[in-house]
Amino acid sequence: MSLLTPDSGLLFWMILSFGIVLVILSKYGFPVIIKAVEQRKAFIEGSLDSARKANEQLANLKAEGEAIIAQAKEQQNVILKEAMVTKEQIIAEARQKAADETRKQLEEATRRIREEKEKAIREVRAEITDLSLAIAEKVMKESLSKDEKQKQVINKLLDEVSFSKS
Amino acid sequence: MDKIRIINKLGLWVVMFICLFSFEKVKAASEEVDVQTIVFSHIQDAYTWHITEWGETEISIPLPVVVWDKAKGLDVFLSSRLENGQTYKGYQIAQEGDYAGKIVMQDATGEWVRPVDLSLTKDVCALLLATVILLVIILKTASWYKKHPDEAPGGFVGMIEATVMYIEEEVIAKSIGEDYRKFSSYLQAVFFFILINNLLGVIPIFPGGANVTGNIAVTFVLAVCTFIATNAFGTKAYWRGIFWPKVPIFLKLPIPIMPFVEFFGVFTKPFALMIRLFANIMAGHTIILALTCLIFITASMGVIVNSGMTIVSVLFCIFMNCLELFVACLQAYIFTLLSANYIGLAKEKD
């Protein structure tokens with residue numbers, strides 16, 4: 001049957017057309033496509049790689065930033081602590097100073113009071129002495145002379161009545 | 001709403017079918033349907049491209065006849081001059097004998113002989129059409145990459161790319177091994193050439209429908225190409241495996257049984273390739289045609305039988321067309337895969 005015998009005309013055309021297909025496509029067809037796809041594959045891989053690297057760098061930067069922040073915090077803490085200590089010191093010093101001042105003022109005041117008191121006593125003594133002398137003079141105008149011995153006796157008496165001198 | 005619309009549509013179709021039957025019945029009943037002639041005239045090559053018959057007039061495209069003879073020289077004319085057994089310049093289409101259906105001429109002794117016949121027959125035209133389509137598709141795809149470097153294509157170019165890369169990586173590279181690049185273009189061309197011809201063959205209307213890959217001449221050329229690709233690049237180990245295979249010595253001497261079997265195998269492999277593709281595609285065309293003819297055979301058996309058989313035939317035809325679509329892809333794949341395997345086997349190392 002002619003179904004199984006290849007026809008020469010068709011054979012010729014088949015060889016021709018398949019030959020053309022083979023020559024053209026093996027030059028401008030399939031290798032171009034495959035090369036393009038492989039290039040793209042390489043490009044994508046390269047891009048992914050650089051993206052991964054960038055990511056890594058970013059992570060590194062982040063870590064660095066975090067480290068810097070941590071360091072800064074630590075420094076801040078140190079500074080704060082120092083400031084605290086200084087503050088306490090200053091406060092303590094101020095307190096000390098105030099206390100000293102107060103004490104000084106107190107002493108001064110006491111001293112002044114004492115001085116005033118002594119002065120007053122001295123004045124009062126002198127007054128009293130004068131007064132006593134006057135009284136005594138008056139009392140003893142007649143009988144008693146105003147000698148030194150009499151003054152001494154009166155002074156002694158006054159001492160005994162608790163007007164201490166010092 | 002949708003359901004009602006679908007039912008309405010179905011109803012319309014049924015009415016149309018019934019009209020078609022009553023119309024066809026008149027015609028079919030008047031003549032016996034010669035299934036064998038219909039089927040064979042389709043699956044064989046022809047000098048005209050028969051499209052359909054409208055009433056009594058045949059609608060077909062006459063194709064150019066190119067014949068050459070030593071005595072007469074080159075002759076080019078349209079095949080319409082040879083219609084209905086006419087003779088033109090001493091050429092005519094033989095009605096019977098060894099050359100039935102082919103152009104013949106009488107030589108000096110009065111014998112009917114075949115001239116050198118390079119006519120653009122139906123199969124040749126379909127072949128050239130497929131070649132043009134294939135070249136356009138692949139070159140368009142290739143040029144897309146030039147315009148869009150380092151971009152991924154979508155749509156049709158993406159589909160072609162996916163197919164090319166699948167064949168390249170899964171079929172060619174895996175079957176042949178490291179040295180596959182030398183053969184990849186050939187095998188890609190084989191795959192797409194068979195695929196496009198198969199798919200055009202499945203289309204039932206005019207530019208498609210030709211039984212190209214179901215013609216032995218076409219598969220023969222492809223098989224010879226694979227045969228050359230296999231044996232021209234065979235390694236020493238491959239040829240030793242054929243002429244001095246690793247089998248017990250009594251199988252090789254004194255009668256070389258195994259070398260003979262192996263040597264025979266060199267030819268049976270491409271032969272099997274040729275027959276497989278040819279038989280698959282031809283059988284597919286034959287079955288679909290036979291199923292379609294069933295409608296017209298049963299036309300004379302009454303309306304009930306005819307409509308029953310029509311439904312069965314249409315259902316089977318739909319099924320067979322789906323199957324053919326699958327076979328079209330599968331056979332292209334198998335031809336490529338086996339070719340790659342044979343080439344890979346011939347590349348074996350010690």
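Colleague: In this predicted model, over how many bridges do strand 5 and strand 6 of chain B pair?

Modeller: Strand 6 of chain B covers residues 103-106, and strand 5 of chain B pairs with it in the antiparallel sense. Within this pairing, I93(B) stands opposite I103(B) of strand 6. The number of bridges over which strand 5 and strand 6 of chain B pair is three.

Colleague: Which strands of chain B are the edge strands of the open sheet?

Modeller: The open sheet of chain B is formed by three strands in the order 5-6-7, with antiparallel pairing. An edge strand pairs on one side only, and this holds for the strand at 91-93 and for the strand at 112-113.

Colleague: Is F263(B) buried or exposed?

Modeller: F263(B) is found in helix 8 of chain B, which runs over residues 257-297. Its C-alpha atom is separated by 9.5 Å from that of G241(B), a residue 22 residues apart from F263(B) along the chain. Because F263(B) has 12 other C-beta atoms within 10 Å, and a residue with 12 or fewer counts as exposed, F263(B) is exposed.

Colleague: Against which helices do the buried residues of helix 6 of chain B pack?

Modeller: Helix 6 of chain B, residues 216-232, has 17 residues and reaches 23 Å from its first C-alpha to its last, close to the 24 Å expected at 1.5 Å a residue. Its buried residues include I216(B), F220(B), L222(B) and T230(B). These buried residues pack against a helix of chain A as well as helices of chain B. The helices are helix 1 (8-139) of chain A, together with helix 5 (181-202), helix 8 and helix 9 (303-346) of chain B.

Colleague: How many residues on the side of chain A that touches chain B are nonpolar?

Modeller: The contact between the chains takes 36 residues from chain B and 33 residues from chain A. On the side of chain A, seven of the residues are polar and two are charged. The number of nonpolar residues on that side is 24.

Colleague: What is the radius of gyration of chain A?

Modeller: Chain A has two helices and zero strands, and its C-alpha trace spans about 195 × 25 × 15 Å along its principal axes. Buried residues make up 8% of its 166 residues. A compact globule of 166 residues would have a radius of gyration near 15 Å, whereas the radius of gyration of chain A is 62 Å.

Conventions. Residues numbered from 1 in each chain as written. Chains lettered and ligands numbered in written order. Predicted model: local features only at pLDDT ≥ 70, side-chain atom pairs only at ≥ 80, totals over all residues. Pairing = 2+ DSSP bridges. Helix = DSSP H or I, 4+ residues; strand = E, 2+ residues; numbered from the N terminus. Buried ≥ 20, exposed ≤ 12 C-beta atoms within 10 Å, placed from the backbone. Contact = placed C-beta atoms within 7 Å. Nonpolar A, V, L, I, M, F, W, Y, C, P; charged D, E, K, R; others polar. Expected span 1.5 Å × (residues − 1). Rg over C-alpha atoms; globule rule 2.2 N^0.38 Å.
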